[in-house]
Amino acid sequence: MPADLRRAHAALDRAVDRLYRPAAFETDRDRVEHLFGRYEALVNPLERLGAAKNRRVARKAGQDVGEA
């Protein structure tokens, strides 16, 4: 990888670290897992609410709808 591209990647990593956490991520994998977790929460908001909020799904699972 060319040196200027490597520096750009490092600068981007530092910027992401500052945006999301007070301390830097320990590994690239930690950073990517955190970012994908945030992405999943944005694109699948129903997962955050849980199946218990959906009466039909909760009944199928045998849950009491009033529990959540």
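Arg 31 lies in helix α2. In this predicted model, Arg 31 is buried, with a relative accessible area of 9%. Asp 13, Asp 17, Asp 28 and Arg 31 are linked in a network of salt bridges. Side chains of opposite charge can pair when their charged atoms come close.

**Surroundings of Arg 31**

- Apart from neighbours within four places in sequence, Arg 31 is in contact with Asp 13, Val 16, Asp 17 and Phe 25.
- Arg 31 counts as buried because its relative accessibility is 9%, and buried means under 20%.

- Arg 31 and Asp 13 form a salt bridge through their side chains, at 3.8 Å from N to O. Asp 13 belongs to helix α1 (residues 3–20) and Arg 31 to helix α2, so this pair ties together parts that are 18 residues apart in sequence.
- Asp 13 is partly exposed, with a relative accessible area of 26%.
- A salt bridge also joins Arg 31 to Asp 17, with the closest N and O atoms 2.9 Å apart. This pair links distant parts of the chain, as Arg 31 is in helix α2 and Asp 17 is in helix α1, 14 residues apart.
- Arg 31 and Asp 17 are both buried.

- The side chains of Arg 31 and Asp 28 meet in a salt bridge at 2.8 Å, N to O. The two residues are separated by about one helical turn because they are three residues apart in helix α2.
- Asp 28 is exposed, with a relative accessible area of 51%.

**Nonpolar surface patch**

- Val 32, Phe 36, Tyr 39, Leu 42 and Val 43 form a nonpolar patch on the surface, and together they have about 550 Å² of accessible area.
- Leu 42, in helix α2 (residues 28–43), is exposed, with a relative accessible area of 69%.

Key: Residues are numbered from 1 along each chain as its sequence is written. This is a predicted model: local features need pLDDT of at least 70, side-chain atom pairs count only at pLDDT 80 or more; totals for chains, interfaces and linings use all residues. Side-chain values use heavy atoms; hydrogens and water are left out. Patches are made of residues with over 30% relative accessible area and no salt bridge: like charges are joined within 9 Å, nonpolar side chains (Val, Leu, Ile, Met, Phe, Trp, Tyr) within 5 Å. Accessible areas come from the Shrake-Rupley method with a 1.4 Å probe; for residues, only the protein chains shown count as cover. A salt bridge is a side-chain nitrogen of Lys or Arg within 4 Å of a carboxyl oxygen of Asp or Glu. Helices (H or I, at least four residues) and strands (E, at least two) are DSSP runs, numbered from the N terminus. Buried means under 20% relative accessible area, exposed over 50%, partly exposed in between (1.4 Å probe, protein chains only). Contact means heavy atoms within 4.5 Å.
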